[in-house]
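Colleague: Please show me the model. I would like to go through its rings and a few backbone details.

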Amino acid sequence: MRIAIVHKEKCRPGNCGLVCQKYCPVNRKELQECVVIEGKAKIDEKLCVGCGICQRRCPEGAIEIINVPEVDEKNLVYRYGENEFALYGLPVLREGVLGLLGRNGIGKSTAIEILAGKKEVDLTLDFLKSSELKRYFANLKEKQISYKPQNLSSLSIDLPVIDLLRKRGEVEEIKKLAVELDVEHLLNNKLNKLSGGELQRVAVLAASLGKADIYFFDEPFAFLDIAERVRVSDFIHELSKNKIIVVVEHDLLILDYLTEYLNIFYGQQGCFGAVSDVKKSREGINEYLKGFLKNENIRIRDKGLNFNFTKTRENAGKIIGRWDDFNLKLGDFSLDIKSGEIRENHVIGILGRNGIGKTSFVRALAGEIGNLEFDVSYKPQYLFTDNEDLVRNVIVREKIDNKLRSSFNLGILEQKKIKDLSGGELQRFSIARCLAKNSDVYLIDEPSAYLDVEERIKMARIIKEFMKDNEKTCFVVDHDLLLMSYLADSVMVFFGEPGKRGVASEIMNFEKGISELLKSLDITLRKDKDSGRPRINKKGSVLDREQKARGEWAVL
Ligand code: SF4
(Lines give C-alpha, C1' and ligand atoms only; values in the text may rest on other atoms or scores of the structure.)
Protein backbone atom coordinates (compact mmCIF):
# COMPACT_ATOMS: atom_id res chain seq x y z
CA MET A 1 0.00 0.00 0.00
CA ARG A 2 1.17 3.55 -0.69
CA ILE A 3 0.31 6.86 0.94
CA ALA A 4 1.05 10.29 -0.50
CA ILE A 5 1.18 13.09 2.06
CA VAL A 6 1.23 16.77 1.15
CA HIS A 7 2.12 19.00 4.10
CA LYS A 8 -0.15 21.90 3.19
CA GLU A 9 1.62 24.43 5.40
CA LYS A 10 4.85 23.86 3.45
CA CYS A 11 3.44 23.54 -0.08
CA ARG A 12 3.84 26.91 -1.88
CA PRO A 13 3.09 26.42 -5.58
CA GLY A 14 3.91 30.10 -6.30
CA ASN A 15 7.56 29.60 -5.32
CA CYS A 16 8.69 26.24 -6.68
CA GLY A 17 8.05 26.07 -10.44
CA LEU A 18 5.54 23.25 -9.81
CA VAL A 19 8.31 20.66 -10.02
CA CYS A 20 6.16 17.89 -8.54
CA GLN A 21 3.70 18.16 -11.40
CA LYS A 22 6.37 18.83 -14.01
CA TYR A 23 8.56 15.81 -13.26
CA CYS A 24 5.99 13.23 -12.21
CA PRO A 25 6.50 10.35 -14.74
CA VAL A 26 2.81 9.51 -14.71
CA ASN A 27 1.91 13.07 -15.65
CA ARG A 28 4.68 13.16 -18.29
CA LYS A 29 4.42 9.82 -20.01
CA GLU A 30 0.95 8.57 -19.51
CA LEU A 31 -0.66 11.99 -19.68
CA GLN A 32 -2.69 11.26 -16.62
CA GLU A 33 -3.19 13.72 -13.82
CA CYS A 34 -1.38 12.03 -10.98
CA VAL A 35 -0.23 15.37 -9.55
CA VAL A 36 -2.51 18.38 -9.94
CA ILE A 37 -2.28 21.80 -8.34
CA GLU A 38 -5.53 22.97 -6.82
CA GLY A 39 -4.31 25.74 -4.57
CA LYS A 40 -1.87 23.14 -3.16
CA ALA A 41 -0.42 19.99 -4.72
CA LYS A 42 -2.81 17.06 -4.86
CA ILE A 43 -1.59 13.54 -5.56
CA ASP A 44 -3.77 10.69 -6.76
CA GLU A 45 -2.59 7.72 -4.67
CA LYS A 46 -4.14 5.23 -7.12
CA LEU A 47 -2.19 6.58 -10.10
CA CYS A 48 1.06 7.20 -8.20
CA VAL A 49 3.76 4.60 -8.92
CA GLY A 50 5.80 5.53 -5.85
CA CYS A 51 8.95 6.67 -7.68
CA GLY A 52 9.48 9.45 -5.10
CA ILE A 53 10.58 12.03 -7.69
CA CYS A 54 8.15 14.65 -6.43
CA GLN A 55 9.33 14.14 -2.86
CA ARG A 56 12.97 14.61 -3.88
CA ARG A 57 12.27 17.57 -6.18
CA CYS A 58 9.99 19.57 -3.91
CA PRO A 59 12.21 22.38 -2.54
CA GLU A 60 9.94 22.91 0.46
CA GLY A 61 9.96 19.26 1.61
CA ALA A 62 6.17 19.35 1.39
CA ILE A 63 5.65 15.87 -0.08
CA GLU A 64 6.17 12.43 1.41
CA ILE A 65 5.49 9.27 -0.56
CA ILE A 66 5.40 6.30 1.78
CA ASN A 67 5.23 2.64 0.92
CA VAL A 68 3.59 0.83 3.80
CA PRO A 69 3.54 -2.90 3.12
CA GLU A 70 2.84 -3.56 6.80
CA VAL A 71 -0.48 -1.73 6.81
CA ASP A 72 -3.69 -3.10 5.37
CA GLU A 73 -5.89 -0.56 3.59
CA LYS A 74 -8.92 -2.27 5.11
CA ASN A 75 -7.80 -1.05 8.55
CA LEU A 76 -8.25 2.62 7.66
CA VAL A 77 -10.27 4.30 10.40
CA TYR A 78 -9.76 8.00 9.87
CA ARG A 79 -8.16 10.35 7.41
CA TYR A 80 -7.97 14.09 7.98
CA GLY A 81 -8.38 14.74 4.25
CA GLU A 82 -6.90 13.86 0.87
CA ASN A 83 -3.09 13.44 1.16
CA GLU A 84 -3.31 14.03 4.90
CA PHE A 85 -2.61 11.99 8.03
CA ALA A 86 -4.26 8.56 8.10
CA LEU A 87 -4.94 6.31 11.07
CA TYR A 88 -5.15 2.54 10.63
CA GLY A 89 -6.71 0.51 13.40
CA LEU A 90 -8.02 1.44 16.85
CA PRO A 91 -7.44 0.05 20.31
CA VAL A 92 -10.31 -2.07 21.59
CA LEU A 93 -11.20 -0.77 25.04
CA ARG A 94 -12.00 -2.97 27.99
CA GLU A 95 -12.30 -2.58 31.75
CA GLY A 96 -9.03 -1.74 33.49
CA VAL A 97 -6.14 0.52 32.55
CA LEU A 98 -4.96 0.37 28.95
CA GLY A 99 -1.75 2.15 27.90
CA LEU A 100 -1.10 3.76 24.53
CA LEU A 101 2.57 3.83 23.61
CA GLY A 102 4.15 5.44 20.59
CA ARG A 103 5.86 8.45 19.13
CA ASN A 104 4.35 11.94 19.13
CA GLY A 105 2.41 12.73 15.94
CA ILE A 106 1.53 9.13 15.20
CA GLY A 107 -2.19 9.12 15.94
CA LYS A 108 -2.65 8.49 19.68
CA SER A 109 -4.58 11.74 20.19
CA THR A 110 -6.61 11.09 17.04
CA ALA A 111 -7.52 7.63 18.37
CA ILE A 112 -8.52 9.14 21.73
CA GLU A 113 -10.69 11.74 20.04
CA ILE A 114 -12.42 9.04 17.99
CA LEU A 115 -12.93 6.77 20.99
CA ALA A 116 -14.21 9.73 23.04
CA GLY A 117 -16.73 10.51 20.29
CA LYS A 118 -15.17 13.91 19.56
CA LYS A 119 -14.25 12.93 16.00
CA GLU A 120 -16.85 11.27 13.87
CA VAL A 121 -15.88 8.18 11.93
CA ASP A 122 -17.58 6.45 9.06
CA LEU A 123 -19.01 3.37 10.75
CA THR A 124 -19.38 1.61 7.42
CA LEU A 125 -15.58 1.34 7.08
CA ASP A 126 -14.42 -2.29 7.09
CA PHE A 127 -12.36 -1.99 10.24
CA LEU A 128 -15.22 -0.53 12.27
CA LYS A 129 -17.52 -3.42 11.39
CA SER A 130 -15.86 -5.70 13.96
CA SER A 131 -18.40 -6.69 16.58
CA GLU A 132 -16.47 -5.20 19.54
CA LEU A 133 -16.01 -1.79 17.95
CA LYS A 134 -19.56 -1.81 16.57
CA ARG A 135 -20.89 -2.39 20.08
CA TYR A 136 -18.58 0.25 21.50
CA PHE A 137 -19.68 2.99 19.09
CA ALA A 138 -23.34 1.97 19.31
CA ASN A 139 -23.28 2.55 23.09
CA LEU A 140 -20.97 5.56 23.08
CA LYS A 141 -23.73 8.18 23.25
CA GLU A 142 -24.93 6.77 26.58
CA LYS A 143 -21.45 6.78 28.07
CA GLN A 144 -20.01 9.50 30.28
CA ILE A 145 -16.52 10.38 29.12
CA SER A 146 -13.83 12.23 31.03
CA TYR A 147 -10.60 13.58 29.55
CA LYS A 148 -7.38 14.94 31.07
CA PRO A 149 -5.57 16.87 28.32
CA GLN A 150 -1.82 16.68 27.75
CA ASN A 151 -1.24 20.42 27.65
CA LEU A 152 -2.16 22.17 30.90
CA SER A 153 -1.65 25.75 29.73
CA SER A 154 -5.41 26.29 29.24
CA LEU A 155 -5.92 25.40 32.93
CA SER A 156 -3.36 27.88 34.21
CA ILE A 157 -5.89 30.71 34.71
CA ASP A 158 -6.73 33.34 37.31
CA LEU A 159 -9.34 31.22 39.13
CA PRO A 160 -9.29 29.45 42.52
CA VAL A 161 -8.82 25.69 42.21
CA ILE A 162 -12.04 24.99 44.11
CA ASP A 163 -14.10 27.10 41.67
CA LEU A 164 -12.89 25.00 38.74
CA LEU A 165 -13.51 21.74 40.58
CA ARG A 166 -16.99 22.77 41.76
CA LYS A 167 -18.06 22.99 38.12
CA ARG A 168 -17.34 19.26 37.85
CA GLY A 169 -18.24 17.70 41.18
CA GLU A 170 -19.65 17.97 44.69
CA VAL A 171 -17.56 19.51 47.49
CA GLU A 172 -17.53 16.28 49.49
CA GLU A 173 -16.13 14.26 46.58
CA ILE A 174 -13.62 17.03 45.77
CA LYS A 175 -12.29 17.00 49.33
CA LYS A 176 -11.99 13.20 49.41
CA LEU A 177 -10.06 13.01 46.13
CA ALA A 178 -7.99 16.08 47.03
CA VAL A 179 -6.66 14.22 50.08
CA GLU A 180 -5.82 11.17 47.95
CA LEU A 181 -3.92 13.35 45.47
CA ASP A 182 -2.37 15.54 48.17
CA VAL A 183 -3.83 18.80 46.86
CA GLU A 184 -6.26 19.63 49.68
CA HIS A 185 -3.98 22.48 50.83
CA LEU A 186 -4.23 24.03 47.36
CA LEU A 187 -7.99 24.25 46.97
CA ASN A 188 -8.19 27.99 47.62
CA ASN A 189 -5.07 28.86 45.61
CA LYS A 190 -5.35 30.35 42.14
CA LEU A 191 -4.72 27.92 39.27
CA ASN A 192 -2.15 30.23 37.64
CA LYS A 193 -0.11 30.29 40.86
CA LEU A 194 0.35 26.51 41.02
CA SER A 195 3.56 24.73 40.08
CA GLY A 196 3.43 22.32 37.11
CA GLY A 197 3.26 19.27 39.42
CA GLU A 198 0.44 20.81 41.47
CA LEU A 199 -1.49 21.79 38.34
CA GLN A 200 -1.06 18.25 36.97
CA ARG A 201 -2.55 16.68 40.12
CA VAL A 202 -5.44 19.19 40.06
CA ALA A 203 -6.05 18.28 36.39
CA VAL A 204 -6.12 14.56 37.29
CA LEU A 205 -8.53 15.34 40.12
CA ALA A 206 -10.80 17.39 37.83
CA ALA A 207 -10.93 14.56 35.29
CA SER A 208 -11.73 12.02 38.00
CA LEU A 209 -14.76 13.82 39.44
CA GLY A 210 -18.28 12.67 38.68
CA LYS A 211 -19.28 9.27 37.45
CA ALA A 212 -17.65 8.73 34.09
CA ASP A 213 -17.59 5.32 32.39
CA ILE A 214 -14.47 5.97 30.32
CA TYR A 215 -11.49 8.11 31.34
CA PHE A 216 -8.71 9.31 29.07
CA PHE A 217 -5.53 10.55 30.76
CA ASP A 218 -3.10 12.12 28.30
CA GLU A 219 0.37 12.27 29.92
CA PRO A 220 -0.83 12.52 33.52
CA PHE A 221 2.69 12.25 35.02
CA ALA A 222 4.53 15.18 33.42
CA PHE A 223 6.05 17.46 36.12
CA LEU A 224 5.34 14.97 38.92
CA ASP A 225 8.18 13.64 41.03
CA ILE A 226 8.67 9.88 41.33
CA ALA A 227 6.72 9.61 44.61
CA GLU A 228 3.86 11.59 43.07
CA ARG A 229 3.98 9.41 39.96
CA VAL A 230 3.50 6.31 42.06
CA ARG A 231 0.75 8.02 44.11
CA VAL A 232 -1.14 9.17 40.97
CA SER A 233 -0.67 5.70 39.40
CA ASP A 234 -2.19 4.05 42.45
CA PHE A 235 -5.02 6.62 42.36
CA ILE A 236 -5.79 5.91 38.68
CA HIS A 237 -5.56 2.18 39.30
CA GLU A 238 -8.08 2.48 42.14
CA LEU A 239 -10.40 4.52 39.87
CA SER A 240 -10.29 1.78 37.22
CA LYS A 241 -12.54 -0.70 39.06
CA ASN A 242 -15.45 -1.44 36.67
CA LYS A 243 -14.29 1.44 34.47
CA ILE A 244 -12.37 1.84 31.26
CA ILE A 245 -9.23 3.93 31.58
CA VAL A 246 -6.86 4.85 28.77
CA VAL A 247 -3.46 6.39 29.57
CA VAL A 248 -0.96 7.89 27.14
CA GLU A 249 2.49 8.03 28.72
CA HIS A 250 6.16 8.06 27.67
CA ASP A 251 7.72 7.31 31.07
CA LEU A 252 8.13 3.58 30.53
CA LEU A 253 8.84 2.83 34.18
CA ILE A 254 5.51 4.24 35.26
CA LEU A 255 3.56 3.03 32.19
CA ASP A 256 4.76 -0.46 33.04
CA TYR A 257 3.78 -0.02 36.71
CA LEU A 258 0.28 1.33 36.02
CA THR A 259 -1.05 -0.57 33.02
CA GLU A 260 -1.81 -4.20 32.46
CA TYR A 261 -2.19 -4.03 28.70
CA LEU A 262 -1.16 -1.65 25.97
CA ASN A 263 -1.40 -0.93 22.28
CA ILE A 264 1.64 0.24 20.37
CA PHE A 265 1.23 2.98 17.77
CA TYR A 266 3.73 2.89 14.92
CA GLY A 267 4.07 4.47 11.50
CA GLN A 268 5.55 7.75 10.31
CA GLN A 269 5.15 10.94 12.30
CA GLY A 270 2.73 13.40 10.73
CA CYS A 271 1.91 10.97 7.89
CA PHE A 272 0.27 7.81 9.15
CA GLY A 273 -0.20 5.77 12.29
CA ALA A 274 -1.13 2.13 12.79
CA VAL A 275 -2.22 0.34 15.95
CA SER A 276 -0.82 -2.99 17.11
CA ASP A 277 -2.78 -5.80 18.73
CA VAL A 278 -3.29 -5.41 22.44
CA LYS A 279 -0.26 -6.72 24.37
CA LYS A 280 0.61 -7.36 27.97
CA SER A 281 2.44 -4.23 29.13
CA ARG A 282 5.72 -5.91 30.00
CA GLU A 283 5.99 -7.69 26.66
CA GLY A 284 4.67 -4.68 24.77
CA ILE A 285 7.29 -2.34 26.24
CA ASN A 286 10.06 -4.83 25.52
CA GLU A 287 8.87 -5.21 21.91
CA TYR A 288 8.67 -1.45 21.58
CA LEU A 289 12.24 -1.04 22.80
CA LYS A 290 13.43 -3.78 20.46
CA GLY A 291 11.55 -2.18 17.56
CA PHE A 292 9.94 -5.45 16.53
CA LEU A 293 6.31 -6.42 17.05
CA LYS A 294 6.28 -10.17 17.44
CA ASN A 295 2.65 -11.11 16.72
CA GLU A 296 2.39 -8.74 13.83
CA ASN A 297 5.87 -9.69 12.54
CA ILE A 298 6.54 -6.01 11.91
CA ARG A 299 9.73 -4.06 12.39
CA ILE A 300 8.76 -0.56 13.55
CA ARG A 301 12.29 0.85 13.73
CA ASP A 302 15.62 -0.07 12.11
CA LYS A 303 17.34 -0.53 15.45
CA GLY A 304 16.37 -1.25 19.02
CA LEU A 305 16.39 1.64 21.45
CA ASN A 306 19.67 1.50 23.24
CA PHE A 307 20.00 3.43 26.47
CA ASN A 308 23.46 2.09 27.18
CA PHE A 309 25.56 5.20 27.28
CA THR A 310 28.89 4.99 28.98
CA LYS A 311 29.16 6.92 32.21
CA THR A 312 32.00 9.32 32.86
CA ARG A 313 33.59 8.48 36.23
CA GLU A 314 32.86 10.98 39.03
CA ASN A 315 36.49 11.95 39.44
CA ALA A 316 37.39 12.10 35.73
CA GLY A 317 37.96 15.45 34.00
CA LYS A 318 39.24 18.84 35.06
CA ILE A 319 37.52 20.56 38.01
CA ILE A 320 35.69 23.66 36.84
CA GLY A 321 34.08 24.73 40.08
CA ARG A 322 33.47 23.79 43.72
CA TRP A 323 31.51 24.84 46.80
CA ASP A 324 31.71 24.18 50.54
CA ASP A 325 28.79 23.11 52.73
CA PHE A 326 26.28 25.97 52.82
CA ASN A 327 22.77 26.78 53.91
CA LEU A 328 20.05 28.80 52.19
CA LYS A 329 17.10 30.34 54.01
CA LEU A 330 14.14 31.35 51.89
CA GLY A 331 11.30 32.56 54.11
CA ASP A 332 10.31 29.52 56.18
CA PHE A 333 12.19 27.13 53.89
CA SER A 334 15.71 26.01 54.80
CA LEU A 335 18.09 24.11 52.52
CA ASP A 336 21.38 22.51 53.57
CA ILE A 337 23.76 21.72 50.74
CA LYS A 338 26.76 19.42 51.09
CA SER A 339 30.04 20.46 49.53
CA GLY A 340 30.75 19.49 45.95
CA GLU A 341 32.90 20.02 42.93
CA ILE A 342 31.97 19.93 39.29
CA ARG A 343 34.07 18.66 36.44
CA GLU A 344 34.07 19.08 32.70
CA ASN A 345 32.36 16.47 30.50
CA HIS A 346 29.90 15.54 33.18
CA VAL A 347 26.14 15.18 33.51
CA ILE A 348 24.90 15.32 37.09
CA GLY A 349 21.36 14.14 37.68
CA ILE A 350 19.38 15.93 40.37
CA LEU A 351 16.89 13.60 41.98
CA GLY A 352 14.32 14.16 44.67
CA ARG A 353 10.79 15.21 45.45
CA ASN A 354 9.28 18.45 44.20
CA GLY A 355 9.40 21.37 46.65
CA ILE A 356 12.58 20.44 48.51
CA GLY A 357 14.98 22.96 47.08
CA LYS A 358 16.19 21.76 43.67
CA THR A 359 15.32 25.06 42.00
CA SER A 360 16.77 27.05 44.93
CA PHE A 361 20.03 25.14 44.50
CA VAL A 362 20.05 26.02 40.83
CA ARG A 363 19.37 29.67 41.59
CA ALA A 364 22.25 29.54 44.07
CA LEU A 365 24.55 28.10 41.38
CA ALA A 366 23.59 30.95 39.08
CA GLY A 367 24.36 33.50 41.82
CA GLU A 368 20.77 34.68 42.19
CA ILE A 369 20.85 33.75 45.88
CA GLY A 370 23.77 32.90 48.17
CA ASN A 371 27.45 33.51 47.38
CA LEU A 372 28.20 31.23 44.43
CA GLU A 373 28.52 32.66 40.99
CA PHE A 374 28.76 30.19 38.14
CA ASP A 375 28.05 31.19 34.61
CA VAL A 376 24.83 29.19 34.13
CA SER A 377 22.53 28.67 31.17
CA TYR A 378 19.12 27.55 32.39
CA LYS A 379 16.18 25.76 30.79
CA PRO A 380 13.21 26.13 33.16
CA GLN A 381 10.78 23.33 33.93
CA TYR A 382 7.53 24.99 32.81
CA LEU A 383 7.37 26.33 29.31
CA PHE A 384 3.92 27.88 29.04
CA THR A 385 4.26 30.87 26.73
CA ASP A 386 2.28 33.33 24.65
CA ASN A 387 5.35 34.58 22.81
CA GLU A 388 4.36 35.77 19.31
CA ASP A 389 7.90 35.71 17.96
CA LEU A 390 8.82 33.33 15.12
CA VAL A 391 11.16 30.44 15.93
CA ARG A 392 13.36 31.53 13.01
CA ASN A 393 13.90 34.99 14.52
CA VAL A 394 15.05 33.48 17.82
CA ILE A 395 17.38 31.05 16.02
CA VAL A 396 19.07 33.98 14.25
CA ARG A 397 19.09 36.31 17.27
CA GLU A 398 20.46 33.71 19.69
CA LYS A 399 22.88 32.25 17.14
CA ILE A 400 21.68 28.65 17.47
CA ASP A 401 24.22 26.85 15.28
CA ASN A 402 23.51 24.35 12.51
CA LYS A 403 24.50 21.36 14.61
CA LEU A 404 21.98 22.17 17.34
CA ARG A 405 19.37 23.12 14.73
CA SER A 406 19.65 19.77 13.01
CA SER A 407 20.08 17.76 16.24
CA PHE A 408 16.80 19.12 17.57
CA ASN A 409 15.13 19.14 14.14
CA LEU A 410 14.31 22.85 14.39
CA GLY A 411 14.11 23.34 10.61
CA ILE A 412 10.48 22.24 10.51
CA LEU A 413 9.59 24.71 13.28
CA GLU A 414 11.20 27.81 11.82
CA GLN A 415 8.05 29.29 10.32
CA LYS A 416 5.99 28.77 13.47
CA LYS A 417 5.28 31.25 16.24
CA ILE A 418 6.67 30.15 19.61
CA LYS A 419 3.19 30.25 21.14
CA ASP A 420 1.93 27.78 18.51
CA LEU A 421 4.55 25.09 19.20
CA SER A 422 3.30 21.82 20.67
CA GLY A 423 4.63 20.74 24.09
CA GLY A 424 7.30 18.48 22.54
CA GLU A 425 8.34 21.08 19.95
CA LEU A 426 8.66 23.77 22.62
CA GLN A 427 10.73 21.42 24.75
CA ARG A 428 13.19 20.66 21.91
CA PHE A 429 13.44 24.33 21.00
CA SER A 430 14.01 25.36 24.64
CA ILE A 431 16.79 22.82 25.21
CA ALA A 432 18.50 23.96 21.99
CA ARG A 433 18.29 27.60 23.17
CA CYS A 434 19.78 26.66 26.51
CA LEU A 435 22.72 24.81 24.92
CA ALA A 436 23.30 27.60 22.38
CA LYS A 437 24.29 29.98 25.18
CA ASN A 438 28.01 29.87 25.91
CA SER A 439 28.22 29.10 29.64
CA ASP A 440 30.30 27.02 32.05
CA VAL A 441 27.38 25.15 33.55
CA TYR A 442 24.07 24.11 31.97
CA LEU A 443 21.01 23.49 34.03
CA ILE A 444 18.20 21.66 32.30
CA ASP A 445 15.05 21.27 34.32
CA GLU A 446 12.70 18.42 33.34
CA PRO A 447 13.76 17.98 29.71
CA SER A 448 11.68 14.82 29.25
CA ALA A 449 8.27 16.51 29.60
CA TYR A 450 6.22 16.11 26.40
CA LEU A 451 8.98 14.19 24.60
CA ASP A 452 8.32 10.67 23.37
CA VAL A 453 10.65 7.80 24.20
CA GLU A 454 12.78 8.16 21.06
CA GLU A 455 13.07 11.92 21.55
CA ARG A 456 14.11 11.40 25.19
CA ILE A 457 16.93 9.09 24.18
CA LYS A 458 18.02 11.41 21.39
CA MET A 459 17.94 14.39 23.74
CA ALA A 460 20.02 12.46 26.29
CA ARG A 461 22.59 11.62 23.63
CA ILE A 462 22.80 15.23 22.41
CA ILE A 463 23.30 16.56 25.94
CA LYS A 464 26.02 14.01 26.72
CA GLU A 465 27.86 14.67 23.45
CA PHE A 466 27.57 18.43 23.90
CA MET A 467 29.18 18.28 27.35
CA LYS A 468 31.95 16.07 26.04
CA ASP A 469 32.67 18.12 22.90
CA ASN A 470 32.61 21.44 24.77
CA GLU A 471 34.12 20.26 28.06
CA LYS A 472 31.19 21.57 30.06
CA THR A 473 29.06 20.40 32.97
CA CYS A 474 25.34 19.91 33.00
CA PHE A 475 22.87 19.47 35.85
CA VAL A 476 19.67 17.75 34.78
CA VAL A 477 16.56 17.63 36.96
CA ASP A 478 14.18 14.90 35.81
CA HIS A 479 11.82 12.34 37.30
CA ASP A 480 11.95 9.77 34.50
CA LEU A 481 14.27 7.33 36.26
CA LEU A 482 14.76 5.19 33.18
CA LEU A 483 15.99 8.23 31.27
CA MET A 484 18.09 9.37 34.21
CA SER A 485 19.74 5.99 34.56
CA TYR A 486 21.18 6.45 31.08
CA LEU A 487 21.74 10.20 31.03
CA ALA A 488 23.40 10.94 34.38
CA ASP A 489 27.06 10.14 35.09
CA SER A 490 26.49 10.82 38.78
CA VAL A 491 23.72 12.28 40.94
CA MET A 492 22.82 14.65 43.76
CA VAL A 493 19.86 13.52 45.81
CA PHE A 494 17.56 15.95 47.61
CA PHE A 495 15.78 14.79 50.74
CA GLY A 496 13.46 16.63 53.10
CA GLU A 497 9.95 17.84 53.62
CA PRO A 498 8.33 19.68 50.71
CA GLY A 499 7.98 23.41 51.41
CA LYS A 500 9.75 23.19 54.81
CA ARG A 501 13.31 21.96 54.59
CA GLY A 502 15.65 20.22 52.21
CA VAL A 503 19.04 18.55 52.35
CA ALA A 504 21.12 18.18 49.19
CA SER A 505 23.61 15.31 49.21
CA GLU A 506 27.14 15.40 47.87
CA ILE A 507 27.58 14.40 44.23
CA MET A 508 27.67 10.60 44.22
CA ASN A 509 27.82 7.55 42.04
CA PHE A 510 24.52 6.86 40.22
CA GLU A 511 23.74 3.45 41.78
CA LYS A 512 24.34 4.74 45.31
CA GLY A 513 22.28 7.87 44.70
CA ILE A 514 19.31 6.05 43.21
CA SER A 515 19.33 3.54 46.09
CA GLU A 516 19.26 6.34 48.64
CA LEU A 517 16.42 8.06 46.81
CA LEU A 518 14.36 4.86 46.54
CA LYS A 519 14.96 4.01 50.17
CA SER A 520 13.67 7.44 51.21
CA LEU A 521 10.55 6.84 49.08
CA ASP A 522 10.09 3.21 50.17
CA ILE A 523 10.13 2.02 46.54
CA THR A 524 12.13 -0.90 45.13
CA LEU A 525 13.21 -1.53 41.54
CA ARG A 526 13.96 -4.85 39.91
CA LYS A 527 15.54 -5.59 36.57
CA ASP A 528 13.48 -7.03 33.73
CA LYS A 529 14.95 -10.40 32.87
CA ASP A 530 14.62 -10.00 29.10
CA SER A 531 15.36 -6.35 28.41
CA GLY A 532 17.40 -5.44 31.50
CA ARG A 533 15.27 -2.31 32.01
CA PRO A 534 14.26 -1.36 35.57
CA ARG A 535 10.72 -2.11 36.79
CA ILE A 536 8.94 -0.91 39.94
CA ASN A 537 7.95 -3.66 42.37
CA LYS A 538 4.39 -3.54 43.63
CA LYS A 539 4.49 -2.43 47.24
CA GLY A 540 4.28 -5.42 49.57
CA SER A 541 4.91 -7.94 46.77
CA VAL A 542 7.27 -10.85 47.46
CA LEU A 543 10.06 -9.23 45.47
CA ASP A 544 9.53 -5.89 47.18
CA ARG A 545 9.76 -7.51 50.62
CA GLU A 546 12.75 -9.66 49.72
CA GLN A 547 14.72 -6.76 48.23
CA LYS A 548 13.97 -4.54 51.22
CA ALA A 549 15.10 -7.30 53.57
CA ARG A 550 18.40 -7.48 51.66
CA GLY A 551 18.68 -3.68 51.56
CA GLU A 552 18.62 -3.82 47.74
CA TRP A 553 16.50 -0.84 46.75
CA ALA A 554 17.51 -0.90 43.10
CA VAL A 555 18.70 -3.94 41.19
CA LEU A 556 20.12 -2.20 38.11
FE1 SF4 B 1 4.27 11.20 -9.46
FE2 SF4 B 1 3.92 9.48 -7.45
FE3 SF4 B 1 6.35 9.71 -8.63
FE4 SF4 B 1 5.37 11.70 -7.03
S5 SF4 B 1 5.89 9.63 -6.40
S6 SF4 B 1 6.35 11.93 -9.02
S7 SF4 B 1 3.19 11.59 -7.53
S8 SF4 B 1 4.44 8.98 -9.55
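What follows is a short exchange on aromatic pairs, charges over rings and some single residues.

Colleague: How many aromatic pairs does the structure hold?
Modeller: This is a predicted model. Rings of Phe, Tyr and Trp pair if their centres lie within 6.5 Å. The number of aromatic pairs in the structure is 11.

Colleague: Are the rings of Tyr215 and Phe217 stacked or edge-to-face?
Modeller: Their centres are 6.2 Å apart, and their planes meet at 5 degrees. Planes under 30 degrees apart count as stacked. The pair is therefore stacked.

Colleague: Is Phe217 buried or exposed?
Modeller: Buried means under 20% relative accessible area. Tyr215, its ring partner, has 1% and counts as buried. Phe217 has 0% relative accessibility, so the residue is buried.

Colleague: Are Trp323 and Phe374 stacked or edge-to-face?
Modeller: The ring centres of Trp323 and Phe374 lie 6.4 Å apart. Their planes are at 80 degrees, and over 60 counts as edge-to-face. So the pair is edge-to-face.

Colleague: How many residues apart in sequence are the parts that Trp323 and Phe374 tie together?
Modeller: Trp323 lies in strand β15, residues 319-323. Phe374 lies in the loop between α13 (358-365) and β20 (376-379). Trp323 is buried at 4% relative accessibility, and Phe374 is buried at 14%. The pair therefore ties together parts whose separation in sequence is 51 residues.

Colleague: Which residues form one aromatic cluster with Trp323?
Modeller: Phe374 is one of them, and its ring pairs with that of Trp323.

Colleague: Which residue lies over the face of Tyr257?
Modeller: Two tyrosines can be taken in turn. Arg94 lies over the face of Tyr261, at 4.3 Å from the ring centre. Over the face of Tyr257, at 4.2 Å from the ring centre, lies Lys538.

Colleague: Which residues does Gly513 touch, not counting residues up to four places away in sequence?
Modeller: Gly513 is in helix α19, residues 510-521. At 0% relative accessibility, Gly513 counts as buried. Leu351 is 162 residues away in sequence, yet its C-alpha is 8.3 Å from that of Gly513. Leaving out residues up to four places away, Gly513 touches Val491, Val493 and Met508.

Colleague: Where is Asp522?
Modeller: Asp522 is not a glycine, but its phi is positive, about 60 degrees. Asp522 is partly exposed, with a relative accessible area of 34%. Its place is in the loop between α19 and β26 (525-527).

How values were computed
Residues numbered from 1 in each chain as written. Predicted model: local features only at pLDDT ≥ 70, side-chain atom pairs only at ≥ 80, totals over all residues. Heavy atoms only, no water. Phe/Tyr/Trp six-rings, centres within 6.5 Å; stacked < 30°, edge-to-face > 60°. Buried < 20%, exposed > 50% of the residue type's maximum accessible area, 1.4 Å probe, protein only. Helix = DSSP H or I, 4+ residues; strand = E, 2+ residues; numbered from the N terminus. Lys NZ or Arg CZ within 6 Å of the ring centre and 35° of its normal. Contact = heavy atoms within 4.5 Å.
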